[in-house]
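Please read them with the structure open.

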Amino acid sequence: MMSGDDSSLVMEDRGSNDEPKTPDFPKKTKTSYDVIIIGAGPAGYTAGIYCSRARHDTLIISGLLPGGQLMNTTDVENYPGFDEGIMGPDLMLTMRKQAERMNTTIIDDVVVNVDFRAKPFKVLTGSEEYEAKAVIVCTGATPRKIGIEGEQTFSGKGVSYCATCDGAFFRNQDIAVVGGGDTCMEEATFLTKFASKVHIIHRRDAFRASKIMQDRALSNENIEVHWNSVIEDIKGDQKVQQIILKDTKTGENKTLEMGGVFVAIGHEPNTELFKNQLEMDENGYIIQKQNTETSVKGVFTAGDVHDHRYRQAVTAAGFGCMSAIDVDKYLSEQK
Ligand code: NAP
């Protein structure tokens, strides 16, 4: 385990020509911070900007997908400050640069364990152990799976969770999009750029998506909606070729030729790491006890990992700001 003592970062200068020179070993990684932020979506980057501006030595450990869910998004039209909209990845890269300019250290690594039982808190990646006086959990959420066998079999072979990433692979083919929320509407509309036809598969007879997003999808002549329908099976050889669609009202099955299946049925919070350490609700979202503080004093949270209601980039960024302000207050009280 590394000590985290800053003095160990400086190589000794012996100052004599006679003595053999100390070999140029790589500098020891700094492992001790005021604040560690786990996750690098809008919440994490914003928390980093605010913590660093408050002069707290701040580390962001980005996780598997630096930038978070917006890396899988095309046009973002509702993030204030961009009158013509901005591409999701561009927005995230800008936030990252802004955090770095404020002196936030960002490491693209994955946290494999945490220990919030004693202070300083410990955060472990595959190769390093870090410690911090305060932690902000901003690990976001992951797309939900339908849970049928064919989904697993053809994942990456026609089954996708990201229209932006994979849509262009399905030019001139029929594509199914499963869901009924805003994500489904957005992805279905986006996929009409490539598909010969987009089929929205929805399990009920009404969408929960916002009116404007519904209208956009429903008025698109390249989108057909299959109400009260679920995918029973996905079939193919090397890749997706057919779906078996079940009508939930009549129980009847029908087979549709399909080049791809996009799953857009919501998300699961990324909280596995924090089980038995932070209090969560019945769906696994972290509970904020007081303002943005979790059930552990000194551990805070921001973004989709606790917020299943708003789930917007701008609200995640707002929560990131709030958590950093709470951390600042907490750290000054510790002094
Ligand atoms: P969501 O609102 O939770 O919708 C999930 C949809 O998937 C629902 O229609 C649900 O059906 C359906 N579903 C859930 N589990 C299913 C299953 N096992 N099989 C079949 N269908 C299933 O999720 P979301 O669309 O990802 O949106 C999440 C949040 O992000 C929302 O607050 C949304 O407003 C926001 N968002 C906003 C934008 C934007 O403003 N640009 C874009 C994307 C998302 P039921 O309705 O029957 O439950």
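Is C184 buried or exposed? C184 is buried, at a relative accessible area of 0% (buried is under 20% relative accessible area, exposed over 50%, partly exposed in between, with a 1.4 Å probe and protein chains only).

1. Basis. This is a predicted model, in which local features need pLDDT of at least 70 and side-chain atom pairs count only at pLDDT 80 or more, while totals for chains, interfaces and linings use all residues. Residues are numbered from 1 along each chain as its sequence is written, and side-chain values use heavy atoms, with hydrogens and water left out.

2. Cysteines. The whole structure has zero disulfides (a disulfide is a pair of cysteine sulfur atoms within 2.5 Å). C321 is in no disulfide either, and the nearest cysteine sulfur, that of C51, lies 9.9 Å from it. C321 counts as buried at 17% relative accessibility.

3. Ligand shell. The ligand is surrounded by 20 residues, and the closest are D182, T183, R203, R204 and R208 (near means a heavy atom within 4 Å). Helix α5, residues 182-191, gives the most to this shell, with three residues (helices are DSSP runs of H or I, at least four residues, numbered from the N terminus).

4. The side chain of R208 has an N or O atom 2.6 Å from a ligand oxygen. A polar side-chain atom of E186 is 3.2 Å from a ligand nitrogen, and a polar backbone atom of G180 is 3.2 Å from a ligand oxygen. On its own the ligand has 920 Å² of accessible area, and the protein covers 80% of that (Shrake-Rupley method, 1.4 Å probe).

5. Aromatic pairs. There are seven aromatic pairs in the whole structure (Phe, Tyr or Trp rings, the six-membered ring for Trp, with centres within 6.5 Å; planes under 30 degrees apart are stacked, over 60 edge-to-face, the rest tilted). One of them, Y79 with F82, is tilted, at 6.3 Å centre to centre and 45° between the planes. Y79 is buried at 15% relative accessibility, whereas F82 is partly exposed at 28%. F116 and F121 pair edge-to-face, at 5.7 Å and 80°, and both are buried. Ring pairs join F116, F121 and F274 in a cluster.

6. Charges over rings. K30 sits over the face of Y33, 4.6 Å from the ring centre (NZ of Lys or CZ of Arg within 6 Å of the ring centre and within 35 degrees of the ring normal). K145 lies over the face of Y161 at 4.9 Å from the ring centre.

Definitions and conventions: Polar contact = N/O pair within 3.5 Å; in protein donor to acceptor, adjacent residues only side chain to side chain. Helix = DSSP H or I, 4+ residues; strand = E, 2+ residues; numbered from the N terminus.
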